[in-house]
Amino acid sequence: MTDWFFDPRLADCRRVFIRDFDVSAAIGVFPQELGRTQAVRINIDFWVKCASTPSDRDMLADVVDYDFVRPGIHKLIQAGHIGLLERLVDKTLDLVLAHPKVVAARVRAEKSEVYPDCESAGVEVFRFKSAD
């Protein structure tokens with residue numbers, strides 16, 4: 001497990017996640033990647049303080065509803081061709097960290113069509129929200 005997982009800033013947080021979100025995206029910088037879409041798998045984790053998202057009333061309004069993530073990613077992809085997977089990951093992090101209750105997020109994106117002898121190749125970034 002990575003060191004950031006044990007960071008004290010994540011103490012008393014709940015981790016919210018979306019696993020294996022599969023999209024088709026116009027992405028890539030190489031000639032063979034232009035003018036077509038590729039399969040991209042995205043995994044998102046984000047952390048919110050338990051104190052700011054109480055579950056005792058059993059009300060969706062009290063917690064962070066992860067439903068904003070998928071439409072936001074679709075909007076990023078529909079905006080046009082993305083050269084780098086890193087850009088998609090960073091923009092997705094920006095989207096998630098913009099939520100006022102999110103304190104940290106991790107985004108992993110993988111392309112499965114990069115190498116014939118590999119399941120996938122990708123990028124992962126973990127980031128804490130800046131303390132503006």
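User: How many residues of strand 3 are buried?

Analyst: This is a predicted model. Strand 3 spans residues 102–111, ten residues in total. Buried here means under 20% relative accessible area. By that cut-off the strand is mostly covered, and the buried count is eight.

User: Over how many bridges does strand 3 pair with strand 4?

Analyst: Strand 4 covers residues 121–128. Glu-110 stands opposite Gly-122 in strand 4. The two strands run in the antiparallel sense, and the bridges number eight.

User: Which residue in strand 3 is the bridge partner of Arg-41?

Analyst: Strand 2, residues 38–49, also pairs with strand 3. That pairing is antiparallel, over nine bridges. Within strand 3, the partner of Arg-41 is Glu-110.

User: Which element gives the most residues to the largest nonpolar core?

Analyst: This core has 27 residues, and Val-40, Ile-42, Ile-44, Phe-46 and Leu-88 touch the most other members. Elements giving two or more residues are strand 1 (13–25), strand 2, helix 1 (69–78), helix 2 (85–97) and strand 3. The top contributor, with six residues, is helix 2.

User: How many residues are in the second, separate core?

Analyst: Its members include Leu-10, Cys-13, Trp-47 and Phe-128.

Definitions and conventions
Residues are numbered from 1 along each chain as its sequence is written. This is a predicted model: local features need pLDDT of at least 70, side-chain atom pairs count only at pLDDT 80 or more; totals for chains, interfaces and linings use all residues. Side-chain values use heavy atoms; hydrogens and water are left out. Buried means under 20% relative accessible area, exposed over 50%, partly exposed in between (1.4 Å probe, protein chains only). Helices (H or I, at least four residues) and strands (E, at least two) are DSSP runs, numbered from the N terminus. Two strands pair if DSSP finds at least two bridges between them. A nonpolar core is a set of buried Ala, Val, Leu, Ile, Met, Phe, Trp, Tyr and Cys residues joined through side-chain atoms within 4.5 Å.
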